[in-house]
Amino acid sequence: MSNKEQGRLYIISAPSGAGKTSLVAALLEIDRQIEVSVSHTTRAPRPGELDGVNYNFVSASEFESLIDQNGFLEHAKVFGNYYGTSKAWVEQRLAAGRDVILEIDWQGAQQVRSILPDALSIFVLPPSKAALRVRLEGRAQDNSEVIDERMAQAESESSHYHEYSYLLINDQFDQTLEQLKSIFVANRLATSRQTLACRDILRDLLP
């Protein structure tokens, strides 16, 4: 048996506007055992984006080469650009004992679970359609037509909630953050992980 406790892979999905990104950012501030996977993409960096921080920016030929090498846990082509999650990076971080979050959609989640069925998945929903629209409008980033499209897409995405291990309703942000944190804490206390983490204590207590 390895002396290093294996990390756990978590998938977090949500419709646009549900607050997933804000929840994950806040969780990282209070739980230093977690890392978020940085996706590969072939799209050009936007102002302020950094290679290796926001995305790993690669050429289309590099991305397609990684596809041929089975280098992604999941990947998709969206509006002409590739996006994908590096299999090698995730495996390396899990082996180092880190818990890893993948912020991906339900289709990517299905791909990942087909390869790593032990991954735990979390779906985040807004408390209502009305609340979601208020949040989308509050961003002041999209016109009403785009918001209508996002609302329709949110309904389609939300129908896949039952495929996930956990369901969170992001009504009160602080409460939802505490619920999200509790999922990670509880899974670290599972006997399978504690047996290795507490091996010296168990060796002392047991014959």
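User: Which strands does β1 pair with in the parallel sense?
Analyst: In this predicted model, strand β1, which covers residues 9–13, pairs in the parallel sense with β7 (residues 99–103) over four bridges, and β1 also pairs in the parallel sense with β8 (residues 120–125) over four bridges. Ile-12 has Glu-103 as its bridge partner in β7, while the bridge partner of Ser-13 in β8 is Phe-123.

User: And are the residues of β1 buried or exposed?
Analyst: Five of the five residues of β1 are buried, so the strand is largely enclosed by the rest of the structure. Leu-9, Ile-11 and Ser-13 point one way from the strand, whereas Tyr-10 and Ile-12 point the other way.

User: What is the strand order in the open sheet?
Analyst: The order is β4-β3-β6-β5, and the pairing in this sheet of four strands is mixed. Because β4 (56–57) and β5 (72–78) each have a single partner strand, they stand at the edges, and one side of each is left without a neighbour in the sheet.

User: How do β3 and β6 pair?
Analyst: They pair in the antiparallel sense over two bridges, and His-40 has Gly-84 as its bridge partner in β6.

User: Switching topic, where does α3 lie?
Analyst: Helix α3 lies across β5 and β6, and runs at about 25° to β6. Arg-93 is found in this helix, which spans residues 87–95.

User: Is Arg-93 buried or exposed, and what is it in contact with?
Analyst: Arg-93 is buried, because its relative accessible area of 18% falls under the 20% cut-off. Leaving aside neighbours within four places in sequence, Arg-93 is in contact with Glu-35, Arg-98 and Val-100.

Note on methods:
Residues numbered from 1 in each chain as written. Predicted model: local features only at pLDDT ≥ 70, side-chain atom pairs only at ≥ 80, totals over all residues. Heavy atoms only, no water. Buried < 20%, exposed > 50% of the residue type's maximum accessible area, 1.4 Å probe, protein only. Contact = heavy atoms within 4.5 Å. Pairing = 2+ DSSP bridges. Axes fitted to C-alpha atoms, helices over the stretch in contact; angles between N-to-C directions.
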